[in-house]
Amino acid sequence: MSVVKKINILLARMPVIVNTFPAIALPCLVAVLKQNGYSAKSDDVNISIRSFPNTNYVDGNFVSYETQKAFFEEHKSYFEGWAESVISSGVNVLGFSLWRTNENITRLTAEIVKQKKPEIKIIYGGPGAALYSPSDVLESKVVDVVVWGEGEETLLEVLEKFENNESLEYVKGISFLSKDGFVKNNPPRSEIEDLNALPFIDLSGIDIEKYPVKSIPLMFARGCSWRCKFCECFVTWKTYRTRTADNIFNEILLRLKEFKRERYYFQLYDCALNQDLKMLGELCAKIISLGLPKGTITFGGCAKIMSAMDFDFIKKLSLAGLDNWAFGVESGSDKVLKLMGKPYTAAKAEEVLKNGYELGIAQSYNIIVGFPGETEEDWDKTISFIERTSEYVNDVNFCYMMMSSSQVQERFKNNIAYNEGFDAKKWVSLDGTNTFEIRVKRMERLEERILKSTKLLKKDPMHYVKKLL
């Protein structure tokens, strides 16, 4: 006979985040908690902003603290009502998934909950947790625990301590405020090696129909096998681990039974869906073996330009249901790609895009403007690359190279000027050849050439789409 747990936990994700797809992290945790006897639910509060009268605050992944606060104040009655509903439901532990773009709204909502019912334990986790000093959130005594990295094993241990009214002293992977008022940072926890041992994510608390893209969340792996110099994925995931093809296929079969649809679209939440080509090939073979009509199963997500990925392999992906992917191409200059730590050439990227286009896969890619070491000649090569590949893609997205202080100190201290007033967007190279003004002029030069193209149309300042001919 299983022991009834006293803890009733709710895991929530607050606005403002681009909410095209359902969240996946929270239902991952809910599945593990339920498996261990806890009453657990998830709530993607972020989806509610679609019903608000003003959603102009949503600005990709760069929503400032100021706009978050303005959004909160405008809709404060909603957040107060949400807090009341949490309290009245009997929740005694509330976990928040923290992102850079919802940190302020999360904090303000947590303060309301604590003011109304101080006994509720509040836990911070998620990718945004690693971006902040634990003292900033713990010393206010609004947040009780900050979980770093993967949450499954850590959250279970924290709840066990809460359940038994025991100290958090030896729980790995957390920070908390000790009884004497000091912030205690415990040692990190090793990441879960065997992802197959985790239960399939719990989708019972997600209303997929509320999302613009009514996709079914799925993840092949965690982490990234590369260490690109501009990317901070390693802050969230230290190592790369993948599930087996059998394990993923069994989850797909479960969803086919659960949802009873004519069409099943699976959104991949991986850093890149094609990191393990052997596993992916095996999975595609299993999907193809089902003999379902074309389009019954489709999937898509972020992907890498893999040197070993030829036309025949991409064709296999297409036959299994791959109908869209988004690449971080980042540059059309081989020199810059090498500086970034990318293990492919611009020619290989062009080849992959051409093959995908010929197979009818919807494609997009991203370009970084002004990576350290990029020259005007390199940028000209990138513009030429975009011109050559524009017919193969639906979207080309641009972003200025953003630079965190940790990146400068760990990776670019010999390239970038760093001082107390360092600006993540308007950084300057030590030799003065790469400034924000220069990066803006590069975008202007690109626009002059691209707008002459018959292939691409400027939709937003940093977003070009395929022209409808």
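Where is the place of Ser 215? Select Ser 215 and you will land in the loop between β7 and β8; helices (H or I, at least four residues) and strands (E, at least two) are DSSP runs, numbered from the N terminus. We will come back to this residue at the end of the tour.

**Before you start**

This is a predicted model, in which local features need pLDDT of at least 70, side-chain atom pairs count only at pLDDT 80 or more, and totals for chains, interfaces and linings use all residues. Residues are numbered from 1 along each chain as its sequence is written, and side-chain values use heavy atoms, with hydrogens and water left out.

**Stop 1: the whole protein**

Show everything as a cartoon. You are looking at 15 helices and 17 strands. The radius of gyration is 23 Å, close to the 23 Å that the globule rule gives for 469 residues, so the protein is as compact as a globular protein of that length. That radius is taken over C-alpha atoms, and the rule is 2.2 Å times the number of residues to the power 0.38. Turn the model around: along its principal axes the C-alpha trace spans about 65 × 60 × 45 Å.

Now switch to a surface view. Of the 469 residues, 50% count as buried (under 20% relative accessible area; exposed is over 50%, and partly exposed lies in between, with a 1.4 Å probe and protein chains only).

**Stop 2: Lys 114 and Asp 144**

The structure holds 29 salt bridges, each a side-chain nitrogen of Lys or Arg within 4 Å of a carboxyl oxygen of Asp or Glu. Select Lys 114 and Asp 144, whose closest N and O atoms are 3.0 Å apart in one of these bridges. Lys 114 lies in helix α4 (residues 103-116) and Asp 144 in the loop between α5 (134-138) and β5 (145-147), so the pair ties together parts that are 30 residues apart in sequence. Is Lys 114 buried or exposed? Lys 114 is buried, at 12% relative accessible area, while Asp 144 is partly exposed at 21%.

**Stop 3: Arg 189 and Glu 157**

Next, pick Arg 189 and Glu 157, a salt bridge with its closest N and O atoms 2.7 Å apart. Here too, distant parts of the chain are linked: Arg 189 sits in the loop between β7 (183-185) and β8 (216-218), and Glu 157 in helix α6 (residues 152-164), 32 residues apart. Both ends are partly exposed, Arg 189 with a relative accessible area of 24% and Glu 157 with 23%.

**Stop 4**

Move on to Glu 447 and Lys 458, whose side chains meet in a salt bridge of 2.9 Å, N to O. Glu 447 belongs to helix α15 (residues 436-450) and Lys 458 to strand β16 (residues 456-460), eleven residues apart. Glu 447 is partly exposed at 25% relative accessibility, and Lys 458 is partly exposed at 30%.

Then select Glu 374, Glu 376, Asp 380, Glu 387, Arg 442, Arg 445 and Arg 449 together: salt bridges that share partners join these residues into one network.

**Stop 5: back to Ser 215**

Return to the loop between β7 and β8. Ser 215 counts as buried, at 0% relative accessibility. Which residues is Ser 215 in contact with, leaving aside its neighbours within four places in sequence? Display Phe 21, Pro 22, Ile 208, Tyr 265 and Gln 267 to see them; contact means heavy atoms within 4.5 Å.
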